[in-house]
Structure formats: C-alpha cells, structure tokens
Amino acid sequence: MLNTLSSFFYFYIPFNTQIAKLLALLFITILFSSVGSFLNVCIYRIPLKLSIVKPGSFCPKCKTPIKAWHNIPVLSYFFLGGKCRHCKATFSFRYCFVETITAILAVLYFIKNGYALDLNYLKFVFFMCFAVMIFFIDIDHRLILDKHNYTLIIAGLLFALIGATHLFQALIGAGIGFAIFYSIALIYWLIKKQVGLGGGDIKYITAVGMFTGIEGVIFTIFFSSIFGVLFNIINIGKEKEFAYAPYLVAASLLYFFMGDSIIKWYLDMTFHMLTL
Ligand SMILES: [Zn+2]
C-alpha cells in the first residue's frame, strides 16, 4: 500500500525529483509535527487515565479550550509567545520540543531511508512515536506503561510477519533482550535485595529486539549504559535516583540511524587488529 503511495507521490509531481523530494519533506514535517502534538496529549493524559480524544486541547491553568488555529504545531507556540491567549499562563517549552523532535526524527529517517515511504519507514515511525511517549512519560512518572510495551512487542512481531524485519532475527532479538535484562535484574535483586532494572525496562528491551533483531539489542544495551554513565558523570552529586528508560529509548533510536555504520566500523576495526 505504501509503495503505491510513494509512486502516487512521484507520479503526480513529474517536473523534477528535487522538487518532489522537497515537497515530500515538507509534507512529512507538517504531518509529524501534528503527530508530535498528539503525542503531547498522550504523554500528559495516558498516565492520568484520561481520554486522549475528548475533550480537545485546553489550557492546563484556566481550562479554556484552545482553538484549532491557536493549536498549530510549533508555529502557534512562537506566535503566541508560549502563553495562553486567555489567562497568559506560560506553556511549557516541552510541548514545542516534543513536536519539533518528532518531526525532525521522521524527516531524518525519511532521508536515511532514501526518500522512500516504504514498510521500513512505517516500522520506524511507529516505533519512534512510542519511543517518544515512553521517553517523556518515564521522565515524568518513572514508569514505562505495560500497554505501550505490549503494543510495541505485538506490533514488532506483526511487522516481522509481513516482512519488515527478518522473523528469525526479531524472535531471537526479543528473546536475547529479555534474557539479558531478566538475568541482570535477577542477579541485582539477589545481591542487593532491591529492584535494579524494572519490569518496564525488561519489556522495552524485548520490544526493541522484536523491531531490530540481535544487533539492535546488543547495540541498545551497550549505548544506553554509555549514555547513563556519561549523564551521571555530568550530573554528579545532583540526583541519586537513576532512571534508565530514557537512555534505553535514546540508544534504541540511535540504532535506527547509525546502528549499521557504527557496527560496521567496529567490526572493521576488530578485523584489522586481528589481522595485524
Ligand atoms: Zn489559560
């Protein structure tokens, strides 16, 4: 279906592929900043068990509904100076940031994917939207919701079944991710008698495996621990409690963009050292 969609796009803009690419980029920017706007609603409402459909957006302070033309992603934030039209309460810059980062990730992956709106692209944007929600909900509430993890695991399996990922890779990746994190959690608990890695982290790495296979799992575990260590060195003495999920999410997104090249570089380097 998406292949038809992309050929539709190229077919009806026949004058110049550069212009077609630019229009596609513009389309994705607008679409995914709007998706980001919806993710903001999900990030705020889902953990509070509120409906994500009704009511429409409202000012968190004075509860005045936000009119559609004051709710244009990113742009409205700057036009209205980040303030409520009605009561002048300031909106968190994070709303704008979530919209921007969602659009940037969608655009960058579209370019990396060779300007193709294919199954691989659909798989990435699906994963990315959940990753963005999980990232910010974990920062706010220190938890990854089961419904997000289970949706990702099932969707990852479905994507593998329709050929977006090698099925064997997906299943082994999920199994290995689960086994590694479960063992670490168990060992930590046996030694320290407290929870080190939460159940949410274990389920999330299982989902990452289902989407990216064995390489993706190893990459994500490796880079999330590097991010965690770096961030804690920068933040030393400030905060003792350690949320791991944001690093996991960041590392899994990095894999989609740079996994291939970083792993290739590492293997080349290892091969050179072995053959010296
Ligand atoms: Zn207000």
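Colleague: What makes K264 and D268 about one helical turn apart?

Modeller: They are 4 residues apart in helix α9 (residues 245–275), so about one helical turn separates them. A helix here is a DSSP run of H or I with at least four residues, numbered from the N terminus. Before we go on: this is a predicted model, where local features need pLDDT of at least 70, side-chain atom pairs count only at pLDDT 80 or more, and totals for chains, interfaces and linings use all residues. Residues are numbered from 1 along each chain as its sequence is written, and side-chain values use heavy atoms, with hydrogens and water left out.

Colleague: Why is the pair K264 and D268 called a salt bridge?

Modeller: The rule asks for a side-chain nitrogen of Lys or Arg within 4 Å of a carboxyl oxygen of Asp or Glu. The closest N and O atoms of K264 and D268 are 3.1 Å apart. That is within 4 Å, so the pair counts. In general, side chains of opposite charge can pair when their charged atoms come close.

Colleague: Why is K264 called exposed, and what is D268 called?

Modeller: Buried means under 20% relative accessible area, exposed means over 50%, and partly exposed is in between (1.4 Å probe, protein chains only). K264 has 53%, so K264 is exposed. D268 has 36%, so D268 is partly exposed.

Colleague: How many salt bridges does the whole structure have?

Modeller: The search finds 3. Another of them joins K203 and D146, with the closest N and O atoms 2.6 Å apart. This pair links distant parts of the chain. K203 is in helix α8 (residues 199–234), D146 is in helix α6 (residues 146–161), and they are 57 residues apart. K203 has 22% relative accessible area, so K203 is partly exposed. D146 is partly exposed too, at 36%.

Colleague: How do you know that D140 and R94 form a salt bridge?

Modeller: Their side chains meet at 2.9 Å, N to O. D140 has 39% relative accessibility, so D140 is partly exposed. R94, at 26%, is partly exposed as well.

Colleague: What are the domains, and how much area is buried between them?

Modeller: Domain 1 is 7–115 and domain 2 is 118–276, with bounds from an automatic or database domain assignment. Between them about 1800 Å² is buried, of which carbon and sulfur atoms give 75%. Buried area is the accessible area (1.4 Å probe) that two parts lose on being put together, summed over both. In domain 1, I43, L105 and Y109 lose the most area to domain 2. Across this interface the rule finds 1 salt bridge.

Colleague: Where is K88, and why is K88 called exposed?

Modeller: K88 is in the loop between α3 and α4. K88 has 53% relative accessibility, so K88 is called exposed. The phi of K88 is also positive, about 65°.

Methods
Helix = DSSP H or I, 4+ residues; strand = E, 2+ residues; numbered from the N terminus.
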